[in-house]
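Let's walk through this one together, from the overall fold down to a handful of rings. Have the viewer open as you read.

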Amino acid sequence: MLIIGIAGGTGSGKTTVVRKIIDSLPAGEVAVIPQDSYYKDLSYMPLEERQKVNFDEPSAIEWTLLVDHLKRLKNGETIQMPTYSYLTCTRQDATVTVKPTDVVIVEGILVLTESILREMMDVKCYVDADDDERLIRVIARDCIERGRTPQMVIDRYQNVLKPMHIQYINPCKRFADLIIPQGGTNTVAIGLLTDYIEGRLAKAKKI
């Protein structure tokens, strides 16, 4: 099993990169483990308090569960991946069944901040993008998918996203084996990554 870590700032194009990797490989060969599925359950807190929680710092993630699930997949076990609601800031009762595959992509803004997780990764990638472009994408996404107003998104960007990006996310570039500028539009970098994945898989099958 090949474990690929893909990090980068909010709105950098990580999801597009992941989709293009999946599209370039045979169907059923890739499983995606989103970091966002492993946010800690805050159902014990009042909604007003939940909405004040900083979800852009490493302590918001249940890393032990994510690491355990990756280990289980690598051992050939099927896992029940949690699901999370951005609207209620709580973990949902429903889970997603994930079976072991040749390639597992761990994707999220903070996945390169955890040393234990980095050590499990065969390839570490950082998707880079201009701050203005990221903000535009975040406004469009959060207004449509998460019910926020443009002003709410801008306020959150200034108060949370930008400071956390500077403190935690951007410094993770130094851990990356490959930096992908311009996000999902960088076909050359994505092509290099998929060629490498295909080469590793072909080599593994010969052994």
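What share of the contacts in the protein chain with a separation of 6 or more comes from residues 24 or more positions apart? The answer is 73%, where a contact means heavy atoms within 4.5 Å.

Before going on, some ground rules. This is a predicted model, so local features need pLDDT of at least 70 and side-chain atom pairs count only at pLDDT 80 or more, while totals for chains, interfaces and linings use all residues. Residues are numbered from 1 along each chain as its sequence is written, and side-chain values use heavy atoms, with hydrogens and water left out.

Now the fold. The protein chain has seven helices and seven strands, and along the sequence they run β-α-β-α-α-β-β-β-α-β-α-α-β-α. Helices here are DSSP runs of H or I with at least four residues, strands are runs of E with at least two, and both are numbered from the N terminus. The radius of gyration is 17 Å, close to the 17 Å from the globule rule for 207 residues, so the chain is as compact as a globular protein of that length. That radius is taken over C-alpha atoms, and the rule is 2.2 Å times the number of residues to the power 0.38. Along its principal axes, the C-alpha trace spans about 55 × 35 × 30 Å.

How much of this is tucked away? Of the 207 residues, 44% count as buried, meaning under 20% relative accessible area with a 1.4 Å probe and protein chains only. As for charge, the 26 positive and 28 negative charges have mean positions 3 Å apart. Lys and Arg count as positive and Asp and Glu as negative, without His or the chain ends, and each charge is placed at NZ of Lys, CZ of Arg, CG of Asp or CD of Glu.

Now zoom in on the rings. There are three aromatic pairs, counting Phe, Tyr and Trp (its six-membered ring) with centres within 6.5 Å; planes under 30 degrees apart are stacked, over 60 edge-to-face, and the rest tilted. One of them joins Tyr 39 and Phe 55 edge-to-face, at 5.2 Å centre to centre and 80° between the planes. Tyr 39 sits in the loop between β2 (30-34) and α2 (47-50), and Phe 55 in the loop between α2 and α3 (63-74), 16 residues apart. Tyr 39 counts as buried because its relative accessibility is 5%; Phe 55, at 13%, does too.

Phe 55 also pairs with Tyr 84: their centres are 6.3 Å apart and their planes at 65°, so this pair is edge-to-face. Because Tyr 84 belongs to strand β3 (residues 79-85), the pair ties together parts 29 residues apart in sequence. Tyr 84 is buried, like Phe 55. Put together, Tyr 39, Phe 55 and Tyr 84 form one aromatic cluster.

Technical notes
Buried < 20%, exposed > 50% of the residue type's maximum accessible area, 1.4 Å probe, protein only.
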